[in-house]
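Subject: Structure handover and findings

Hello,

Here is the structure for your records. My notes follow below it.

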Amino acid sequence: MQRKGRLKIFFGYCAGVGKTYSMLKEAHEKAQEGVDVVIGYIEPHDRKETISLIDGLEQLDKKEILYKKHRFYELDLDLALQRHPKLILVDELAHTNAIGSRHKKRYSDIEELLRAGIDVYTTINVQHLESLHDTVAMITRIQVNERIPDHIFDDADDVKLVDIEVDDLIQRLKDGKIYHKNQTKRALENFFVRDNLIALREIAMRRCADRINLITSTANKAFSKEHIMVCLGASPTNQKVIRTAARMVQAFHADFTALYVETSQADWITQKAKNQLQANLELARHLKADIVSTYGDDIAYQISQYAKNAHVSKLVLGRSYQKPSIFRKTTLVDQLSKLAPEIEIYIIPDQQSGAMKKKYRTLLKSKFNMQEAIITITVLLVTTLFAIFLDSFHVHITSIVLLYVLASCFIGMMTFYPLYNLIATLLSLLLIDIFFVEPRFSLLMDSKEYPIMFLVMMIVSLSISMMGHRLKKEKMLASLHAHSMEVILQTSQRLQVLNTYHEIMEETCYQLFQLLHRPIIFYPVKHQELQDGVLYKACDFPAIKEQLTSIEEIAVAKWVFTNNKNAGATTNTLSHSKALYLAIRKGSCVYGVVGIRINTSNDLLPFEKNLLKAILNETALAMSSIAQQ
């Protein structure tokens, strides 16, 4: 098995403390000891001391990327892998690569170098750690966009804190040793404020201490481990809650779970909200949370049941979850306290962002449905004709009102969206007033009892409609959950009776297509080599085949096989590809690579990703069993 490279991070609290200088100085010492050292990428920032240390070390050519008539220079990852030195220097760990690079982030480049057995020296500042983003933003009032997952910092083989007194750093800035003279004044007024630097320095020291405690606790684990869970949502402020939970995980050295409760409202949220939810899921995944999802409209019950089953000890919620609705006196926190009193609940300050208002707005939101519109009009027409017939026998107006209430119930049962029941109720009031209330064929009323009667009719009709709608949603969610379990059980049962690799491959493609209804391509592995891709027969159309069998797509599949990592659309690696490629793996052994066509505007839903993961795990187990025979 190939040795994994060692990662050393030169860590500072601010630009200019001397991270790159210290890295180059130590690299020279390694070179004098006979170590094969090369510079992969260095950002000298026109600092004379740093530039002087570059001389004497081999420097790889940078990769030139042309994007929108602009030239960018990045680490040439393929050249570095081909050169394969013992030690490579790659500056600025949190850097975002130019579009067209293999990976979106430089830390992914470094991870690939480490997997190839190359030792890496790199640099980073404290403000680039994901879990500290909100803390740093609160201190400096500056949003740092380039960030890395904390596990990269914590899992590094060595972290060297490069420190300098705050006053000395400010003097270096004034002397023009950090930025050009024209940038110095602006820096002193913004980021390089003395109080800011003192706070950042303290945070950097504490973060290094936390890392040491984490390593020590992992090596001498003699206590019952905590399990912390955070709840995911589509709010932008949910990211603050996730980062806070991640810091708690570091402090308690706990397991970390991020739970998303999928309700029947999931299909009605805006595309912007879906994108935000995806960003929150991605953030939780970067912070090493185990992503899980449940289904149901009773959010408190779903959270409490999962927390009990997973032995969660601490639950982290945003403050917005505390807000009581106008229809419910108890808050979510109150409900959770009753349902799971043994769990500690932490409330993190969060903005409401009009969540409650959006909830009831989406309740009435629906696309125009011709079938439901015809049903509504037909039921009202039949009801009105029957009411006119009854009115000819001089029945009391109360009987006619009850008839329309019954019609509202029928509409509620035969339609899904409550919007049509609301329209039907309003039209019913209008029809009763025009045809059956004196003076007829007008909107006037000659009795004070009618407005009260109409109000009661509206309340009863809407209440029945809402209860019916809720039952339909719960039935739909129950069906979704049952379907998910059925897919997993069916896949497991079918795979267990198959005897050849080809049969397992065919069954896997069939189950994935039945689940996702998307083009599927499968790359089998034979004699530890990736074979040509096989497009599932239900997806074998010329245009799709041409897309998924192009040289670029094949290269992504080969990268996934070689690195045992997922890549492609919706990931940070080779994200320009047309499909999402996943390794069918058990441990370090890859048995195949499956590609799923992804449309840019139609990402996989959370429950689909969970099922996809479960199916591929079952496939890997079946292929592993075949390989051992």
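In which helix is the place of Asn196? Asn196 is found in helix α9, residues 194–219; helices here are DSSP runs of H or I with at least four residues, strands are runs of E with at least two, and both are numbered from the N terminus.

Before the rest, the basis of the values. This is a predicted model, in which local features need pLDDT of at least 70 and side-chain atom pairs count only at pLDDT 80 or more, while totals for chains, interfaces and linings use all residues. Residues are numbered from 1 along each chain as its sequence is written, and side-chain values use heavy atoms, with hydrogens and water left out.

Overall

The protein chain has 22 helices and 19 strands. Of its 629 residues, 49% count as buried. Buried means under 20% relative accessible area, exposed means over 50%, and partly exposed is in between (1.4 Å probe, protein chains only). Among contacts in the protein chain with a separation of 6 or more, 71% come from residues 24 or more positions apart; a contact means heavy atoms within 4.5 Å.

Apart from neighbours within four places in sequence, Asn196 is in contact with Ile139, Thr140, Asn190 and Phe191.

Glu74 is in strand β5, residues 70–74. With a relative accessible area of 5%, Glu74 is also buried. Residues up to four places away in sequence not counted, Glu74 touches Tyr41, Lys62, Lys63, Ile65, His95, Thr96, Asn97, Ala98, Ser101 and Arg106. For one of these, Lys62, the C-alpha to C-alpha distance to Glu74 is 5.6 Å, at 12 residues apart in sequence.

Helix pairs

Helix α5 (residues 133–140) and helix α10 (residues 238–252) have axes that come within 8 Å and cross at roughly 115°. Axes are lines fitted to C-alpha atoms, for helices over the stretch in contact, and angles run from 0 to 180 degrees between N-to-C directions. The two helices are therefore roughly perpendicular to each other; the classes are roughly parallel under 35 degrees, roughly antiparallel over 145, roughly perpendicular from 65 to 115, and oblique for the rest. On the α5 side, His133, Asp134 and Thr135 meet Gln239, Lys240, Arg243 and Arg247 of α10. This contact of α5 with α10 has no nonpolar, three polar and four charged residues. In that division, Ala, Val, Leu, Ile, Met, Phe, Trp, Tyr, Cys and Pro count as nonpolar, Asp, Glu, Lys and Arg as charged, and the others, Gly among them, as polar.

For helix α7 (residues 166–174) and helix α8 (residues 181–189), the axes come within 9 Å and cross at roughly 145°. Ile170, Leu173 and Lys174 in α7 meet Lys181, Thr184, Ala187 and Leu188 in α8. The contact of α7 with α8 consists of four nonpolar, one polar and two charged residues.

Rings

The whole structure holds nine aromatic pairs. Rings of Phe, Tyr and Trp (its six-membered ring) pair if their centres lie within 6.5 Å; planes under 30 degrees apart count as stacked, over 60 as edge-to-face and the rest as tilted.

- Phe386 and Phe389 are a stacked pair, at 6.3 Å centre to centre with 25° between the planes. They are three residues apart in helix α15 (residues 370–391), and so separated by about one helical turn. Phe386 is partly exposed at 41% relative accessibility, and Phe389 is partly exposed at 46%.
- Phe435 and Phe436 have ring centres 6.2 Å apart and planes at 50°, so this pair is tilted. Phe435 is partly exposed at 28% relative accessibility, whereas Phe436 is buried at 6%.
- Tyr179, Phe191 and Phe192 are linked into a cluster by ring pairs.

The charged end of Lys8 is 5.7 Å from the ring centre of Tyr121. Lys314 lies over the face of Phe252, 4.6 Å from the ring centre.

Backbone

Most residues other than glycine have a negative phi. His394 has a positive phi, near 60°. His394 lies in the loop between α15 and α16 (397–414) and is exposed, with a relative accessible area of 72%. Thr570 has a positive phi too, near 75°. Thr570 is in the loop between β17 (567–568) and β18 (579–586) and is partly exposed at 35% relative accessibility.

Regards

Terms used:
A charge sits over a ring if NZ of Lys or CZ of Arg is within 6 Å of the ring centre and within 35 degrees of the ring normal.
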